[in-house]
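Work through the exercises below with the sequence and the structure in view. Try each task before reading its solution.

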Amino acid sequence: MKTLTKKIVVDIAGNLLNAKTCLLCVHESPDGDAVGSMLALGGILSGMDKEVVMFSSDVIPMRLRILPQWRNITNDFSSISGRHFDSMIMLDCGDRTRSGDEITAFTGYTTLVNIDHHASNDAFGDLNFVDLSSSCTGEEVYLVIRELADRIGMEQIPDDIATNLLAALYDDTGGMRYISTTSRTLRIAADLVDSGANCSYISEHLFFSVSRQKMELTSRVIPTLSFENNGKISYVVMRLKDLEATGAFSEDSEGLIDFPRSIQGVEVAFIIKEIEENKKFKLSFRSRGRIDVNEFCSRYGGGGHKVAAGCTLHGDFEQVRDLVLTELRKML
Ligand SMILES: [Mn+2]
């Protein structure tokens, strides 16, 4: 482990060992990295007889309601409001406001711990573990949990905690396929499986389990596939009417961007998702590395990573699409 990493891991573990009350929270529209990381860290802290509250401003997506102990997460802010916590731990949040309006305004904590791997993270915490070389927040949480386990003399990470961490790793690396996957990611995954993480259960549910509504949504989005600049730019579009027609949830749009991104010759791919009818759109980008999509999204108040980022744009559909295409062409 790099010296700086070791230092922050030791500092965070020290803080958590002393804390009696811990509030954990994640970004809005939480993904498997956010939820798996929170359940793992929350689980280990609960096992150390601390009072732990795990909070998500949005409900847990259906596809993640297979993670051990997911029901321990609350989205009811009244269980937090007016209280004081020794530590508030924000996980997988690129900035202080990513956890929803209530947490953004919340000041009832002594120490703010920021554990994240987004390039756009501005070190908003009192303790900041922001490692851009981590494939996911789960990798960082694993190091913190290992340190805690060492300090309290716990020999092995419990099965459920290992399964939740493996889910975090798998979800953010697309099952160890994305460019962010390193030898460390694979070593951590191996250690988690040795600790009893249920690998086949996680891959079956995360990657081979699609609702009929989501498949029908996919079949409406694929025909929108478009190419620009000799196939270097590709995108798909999801309108509100597609959700209405199929009964799919907006979370079901996750993964649709993999269709344009996986096409040979595509340097940058994106999906335009309508949020308010012909007025507001959420965009997600994937790059093969030549274009820094985090830099692009930061200009519009969004962010993420060099190869995967997102932002929200206002305007009608043509305005939004044309703006994005014009700007991306300049970057190619
Ligand atoms: Mn993440």
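Domain bounds here come from an automatic or database domain assignment. This is a predicted model, in which local features need pLDDT of at least 70, side-chain atom pairs count only at pLDDT 80 or more, and totals for chains, interfaces and linings use all residues. Residues are numbered from 1 along each chain as its sequence is written.

**Exercise 1.** State how the protein chain is divided into domains, and describe the contact.

Step 1. Domain 1 covers 3-207 and domain 2 covers 212-331.

Step 2. Between the C-alpha centres of domain 1 and domain 2 there are 28 Å.

Step 3. Seven residues from domain 1 and eight residues from domain 2 take part in the contact; two residues are in contact if their C-beta atoms, placed from the backbone, lie within 7 Å.

Step 4. Sort the domain 1 side by class: three residues are nonpolar, four are polar and none is charged. Ala, Val, Leu, Ile, Met, Phe, Trp, Tyr, Cys and Pro count as nonpolar, Asp, Glu, Lys and Arg as charged, and the others, Gly among them, as polar.

**Exercise 2.** Give the strand order of the open sheet and find its edge strands.

Step 1. Helices (H or I, at least four residues) and strands (E, at least two) are DSSP runs, numbered from the N terminus. Two strands pair if DSSP finds at least two bridges between them.

Step 2. The six strands have the order β3-β2-β1-β4-β5-β6, with parallel pairing.

Step 3. β3 and β6 (127-130) each pair on one side only, which makes them the edge strands.

**Exercise 3.** Follow the chain from β1 to β2.

Step 1. Five bridges pair β1 (residues 21-26) with β2 (residues 51-55) in the parallel sense.

Step 2. The path from β1 to β2 goes through helix α2 (residues 32-47), and this β-α-β crossover is right-handed. That term applies if, with the strands pointing away from the viewer, the path from the first strand over the helix to the second runs clockwise.

Step 3. Locate two partners in β2: glutamate 51 stands opposite threonine 21, and valine 52 stands opposite cysteine 22.

**Exercise 4.** Describe how α4 and α5 are oriented.

Step 1. The axes of α4 (residues 137-152) and α5 (residues 159-173) come within 8 Å and cross at roughly 150°. Axes are lines fitted to C-alpha atoms, for helices over the stretch in contact, and angles run from 0 to 180 degrees between N-to-C directions.

Step 2. Therefore α4 is roughly antiparallel to α5, a term for angles over 145 degrees.

Step 3. The residues of this contact comprise seven nonpolar, two polar and two charged.

Conventions
Parallel < 35°, antiparallel > 145°, perpendicular 65-115°, else oblique.
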